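Let's walk through this one together, one question at a time. Take a look at the sequence and the model first.

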Amino acid sequence: MVRLFLLVLAVSQFAFTQTFTYKAIDIPGATETQVRGVNSSGEIVGFYKTASCTETNIQFPNCPVNGFKITNGVITKLLVPHSTWTAIMGVNDYGDLVGFAITTDTGAHGFLWKHQNVITYFNTPEAGPNSDIHTVAMSVNKALIVGGADWFFSDSSPVNGWVWANGTFSTMNPGDTVSGTCCWGVNGVSNNGYLSGQNGYQGHATAWFKSAKDEDFYPLNSDVVGTAVNSNSDVIGFSVGGKGFFAKHIELNEGTNDAVELKPSFITVAFPNAKATYPFGLSDKRMIGGTYVDSNGGIHGFVATPNF
């Protein structure tokens with residue numbers, strides 16, 4: 001069923017007793033570092049910049065980046081062959097990587113970089129050779145890749161969300177039968193197939209969670225983006241201005257009667273003394289990978305480990 005959670009929460013309602021321990025992640029020599037994914041083994045992935053550039057949309061880099069992974073504390077810098085940009089956006093528990101790359105021969109592509117070092121490119125039907133729309137892969141589990149068809153060089157929203165399996169794309173636009181809904185992106189997929197993402201609804205950004213045919217939408221008190229989900233049905237995301245959140249077991253109190261269903265409790269995700277915090281990746285062990293903006297406007301990666 002399609003339901004809209006109207007969650008207007010006062011600050012006092014957040015569960016501050018359940019917190020995270022934070023660690024900053026910076027690639028040596030980079031002007032900016034962003035963490036986008038973390039898996040159950042603690043492998044951390046993302047991208048970094050070596051030249052200053054002003055972001056127009058924190059979800060997608062708008063100038064050249066290189067990818068990286070950190071395994072057992074060892075940093076490996078990554079660049080897809082023949083590419084001028086490589087943005088690593090997600091990692092699964094095998095260590096397979098997904099993201100998008102801009103190549104010197106045929107433009108922008110989504111990619112799957114398997115842990116055996118085999119790279120597969122793919123493009124959505126919207127992302128033709130003469131199109132301004134590009135394929136951005138955001139997350140991967142052991143069988144599925146998810147993402148959006150995006151104008152990632154601008155401040156625009158995705159056109160359509162998608163799921164890619166064995167070379168086949170399926171459009172994934174929750175709530176698309178509801179008037180005023182548009183602009184979908186699938187940002188997270190768990191090992192057991194839960195999905196999370198974003199869409200526009202009557203001019204506002206809305207986060208969503210999808211389990212089989214059940215679709216839940218949960219705005220807070222402002223525009224909201226859902227960025228990741230794990231097999232516990234925990235979700236993360238952020239509201240406008242970089243106010244990060246985590247919610248445990250968003251499906252725990254699922255029922256058939258929306259009027260009596262208990263709403264999830266949201267926990268604040270905020271890197272200490274940061275101006276803004278953007279959680280992007282979530283493992284089954286509830287470790288979060290993301291990006292924060294410091295007091296001087298500098299952009300850094302982080303990982304957050306739960307204390308619960």
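**Threonines and their neighbours**

Q: Is threonine 103 buried or exposed, and at what relative accessible area?
A: Buried means under 20% relative accessible area, exposed over 50% and partly exposed in between, using a 1.4 Å probe and protein chains only. Threonine 103 counts as buried because its relative accessible area is 7%.

Q: What sort of model is this?
A: Residues are numbered from 1 along each chain as its sequence is written, and side-chain values use heavy atoms, with hydrogens and water left out. Local features need pLDDT of at least 70, side-chain atom pairs count only at pLDDT 80 or more, and totals for chains, interfaces and linings use all residues, since the model is predicted.

Q: Which side chain makes a polar contact with the side chain of threonine 103?
A: Threonine 103 sits in strand β8, residues 97-103 (strands are DSSP runs of E, at least two residues, and helices are runs of H or I, at least four, numbered from the N terminus). Leaving aside neighbours within four places in sequence, threonine 103 is in contact (heavy atoms within 4.5 Å) with His82, Ser83, His109 and Tyr121. A polar contact is a pair of N or O atoms within 3.5 Å; within protein one must be able to donate a hydrogen and the other to accept it, and residues adjacent in sequence count only if both atoms are side-chain atoms. The side chain of threonine 103 makes one, at 3.5 Å, with the side chain of histidine 109.

Q: Which backbone nitrogen lies 2.9 Å from a polar side-chain atom of threonine 135?
A: Threonine 135 is in strand β11, and it counts as buried because its relative accessibility is 0%. Beyond its neighbours within four places in sequence, its contacts include Phe100, His109, Thr124 and Trp162. The backbone nitrogen at 2.9 Å is that of threonine 124.

**Strands and hairpins**

Q: How many strands does the chain have?
A: Of the 308 residues in the chain, 56% are buried. The secondary structure comes to zero helices, and the number of strands is 25.

Q: Which residue in β25 is the bridge partner of glycine 289?
A: Two strands pair if DSSP finds at least two bridges between them. β24 pairs with β23 in the antiparallel sense over six bridges, and leucine 282 is bridged to isoleucine 288. β24 also pairs antiparallel with strand β25 (residues 299-306), over six bridges. There, the partner of glycine 289 is valine 303.

Q: Which residue takes a positive phi near 90° in the hairpin of β24 and β25?
A: Start with the hairpin of β23 and β24: it has five residues between the strands, and arginine 286 takes a positive phi near 70°. The hairpin of β24 and β25 also has five residues between the strands, and the residue with a phi near 90° is glycine 297.

Q: What is the relative accessible area of asparagine 166?
A: Asparagine 166 has a positive phi of about 55° although it is not a glycine. It lies in the loop between β13 and β14. Asparagine 166 counts as exposed because its relative accessible area is 77%.

Q: What is the volume of the largest cavity?
A: On a 1 Å grid over the protein atoms alone, a cavity is a set of points where a 1.4 Å probe fits but cannot get out. Grid points are joined across faces, edges and corners, and a volume is the space filled by probe spheres set on the points. The whole structure has two cavities of 30 Å³ or more. The largest has a volume of about 320 Å³.

Q: Which residues lining the largest cavity are closest to its centre?
A: Lining residues have an atom within 4 Å of a point. Strands giving at least two residues each to this lining include β3, β7 and β23. Of the 29 lining residues, the closest to the centre are Val38, Val91, Ser139, Val189 and Leu282.

Key:
1 Å grid on protein atoms, 1.4 Å probe; cavity = no way out; pocket = protein on both sides within 12 Å on 5 of 7 lines; lining within 4 Å.
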